[in-house]
Amino acid sequence: MEKEITVEDLAEIFLKQQEKRVDNINLVTPTSYAFQIIEALKIAKNKGLKIPVIYNSNGYENVETIQKLKGYIDIY
């Protein structure tokens, strides 16, 4: 069963993970949702997200996408 979530929901998920004291947010194969992730990270970082964000794309990504991710991703 699929569950659709909003950008705001995703931001809250990131923040809840931080509250659970996880070490990082690890985004695996996130390319198709990169722009929604950026918007969610903007919200979450404005609300206090401090843990590292990892973008795991198996080493392949569009240059334009990487440029837009600048400032939101800590580790590639």
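Good morning. I begin with T29, which is exposed at a relative accessible area of 55%; here buried means under 20% relative accessible area, exposed over 50%, and partly exposed in between, with a 1.4 Å probe and protein chains only. The model is predicted, so local features need pLDDT of at least 70 and side-chain atom pairs count only at pLDDT 80 or more, while totals for chains, interfaces and linings use all residues. Residues are numbered from 1 along each chain as its sequence is written, and side-chain values use heavy atoms, with hydrogens and water left out.

T29 lies in the loop between β1 and α2 (34-46). Helices (H or I, at least four residues) and strands (E, at least two) are DSSP runs, numbered from the N terminus. Although T29 is not a glycine, its phi is positive, at about 50°. Most residues other than glycine have a negative phi. R21 also has a positive phi, near 65°, and is not a glycine. R21 sits in the loop between α1 (7-19) and β1 (25-28), and its relative accessibility of 73% makes it exposed.

I turn now to α2. Within α2, the residues A34, I37, I38, A40, L41 and A44 are buried. Their cover includes α1, β1, β2 and α3 (63-69), where contact means heavy atoms within 4.5 Å. G48, with a positive phi near 110°, follows α2.

Next, the core. A nonpolar core is a set of buried Ala, Val, Leu, Ile, Met, Phe, Trp, Tyr and Cys residues joined through side-chain atoms within 4.5 Å. The largest one has 19 residues, of which F14, L27, L41, L49, V53 and I73 touch the most other members. At least two residues come from each of α1, β1, α2 and β2, and α2 gives the most, with 6.

Finally, strand β2 (residues 53-56) holds I54, which is buried at a relative accessible area of 17%. Setting aside residues up to four places away in sequence, I54 touches N24, I25, N26, L27 and I75. With neighbours within four places likewise left aside, V53 contacts I25, L27, L41, Y72, I73, D74 and I75.
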